[in-house]
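The sequence and structure are shown first.

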Amino acid sequence: MQEPSPQPLAEALAPALQDPAELEREAALARLFELHYSSMLRLAVLLGADDPENVVAESYYQIYRRWRRLRDVEAAEAYLRSTVCNLTRMRIRHLQVARRHVENPPSPLDEAVASAESTALMRDDQRVLIDALQRLPARQREALVLRHWLGLKEGEIAATMRISCGSVKTHMARGIAALNKAMEARR
């Protein structure tokens with residue numbers, strides 16, 4: 001009985017990308033990454049992620065794993081955006097719970113301090129606005145960022161946040177009122 005000849009090393013190590021569906025998935029994900037990585041990273045930062053690069057990387061991994069189950073490949077960007085929002089929200093919740101259980105809570109001096117360069121570059125109004133945005137409840141912040149930074153319509157925001165259009169309007173109105181109050185208090 002003759003043993004089968006071993007596969008060449010390159011063939012053994014190469015992923016099974018001979019399948020046209022796999023090739024298509026890889027190409028589509030590469031395009032998605034090229035087109036939307038920066039905007040997804042900015043979205044995670046604006047939503048308050050403490051580690052936005054990992055949130056976005058996990059989001060791309062999630063869409064990679066579920067690619068074959070996507071009903072509409074054209075909706076991949078919306079799915080990715082929802083995943084970034086959800087993972088950021090989960091991460092913030094996790095950190096809040098972890099902080100509650102810390103024996104020695106961090107002092108205000110332990111908080112992250114912005115570099116002198118970034119502080120000098122950011123205008124005072126922008127700093128006040130971003131600080132006020134970060135203090136908003138997560139849902140209000142998400143609605144405002146999705147609307148005013150990404151330019152999504154109410155229906156798209158509702159789908160991304162998985163809430164009703166009425167709730168989107170409520171979150172946006174309350175968020176804008178809080179931001180206006182913060183800006184007025186500054187003057």
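## Salt bridges and helix packing

R25 is buried (under 20% relative accessible area, with exposed over 50% and partly exposed in between; 1.4 Å probe, protein chains only), its relative accessible area being 8%. The model is predicted: local features need pLDDT of at least 70, side-chain atom pairs count only at pLDDT 80 or more, and totals for chains, interfaces and linings use all residues. Residues are numbered from 1 along each chain as its sequence is written, and side-chain values use heavy atoms, with hydrogens and water left out.

The structure holds seven salt bridges, each a side-chain nitrogen of Lys or Arg within 4 Å of a carboxyl oxygen of Asp or Glu. Three of them are listed below.

| Pair | Closest N and O atoms |
|---|---|
| E22 and R25 | 2.9 Å |
| D50 and R91 | 3.0 Å |
| K169 and E154 | 3.9 Å |

E22, at 10% relative accessibility, is also buried; E22 and R25 both lie in helix α2, three residues apart. D50 is partly exposed at 43%, as is R91 at 31%. K169 lies in helix α9 (residues 165-186) and E154 in helix α8 (residues 154-161), so this pair ties together parts 15 residues apart in sequence.

The axes of α2 (residues 20-46) and α3 (residues 52-65) come within 10 Å and cross at roughly 150°. These two helices are therefore roughly antiparallel, a term for angles over 145 degrees. Residues in their contact (heavy atoms within 4.5 Å) include R25 and L29 of α2 and V55 and Y60 of α3.

Notes
Axes are lines fitted to C-alpha atoms, for helices over the stretch in contact, and angles run from 0 to 180 degrees between N-to-C directions. Helices (H or I, at least four residues) and strands (E, at least two) are DSSP runs, numbered from the N terminus. Angles under 35 degrees count as roughly parallel, over 145 as roughly antiparallel, 65 to 115 as roughly perpendicular and the rest as oblique.
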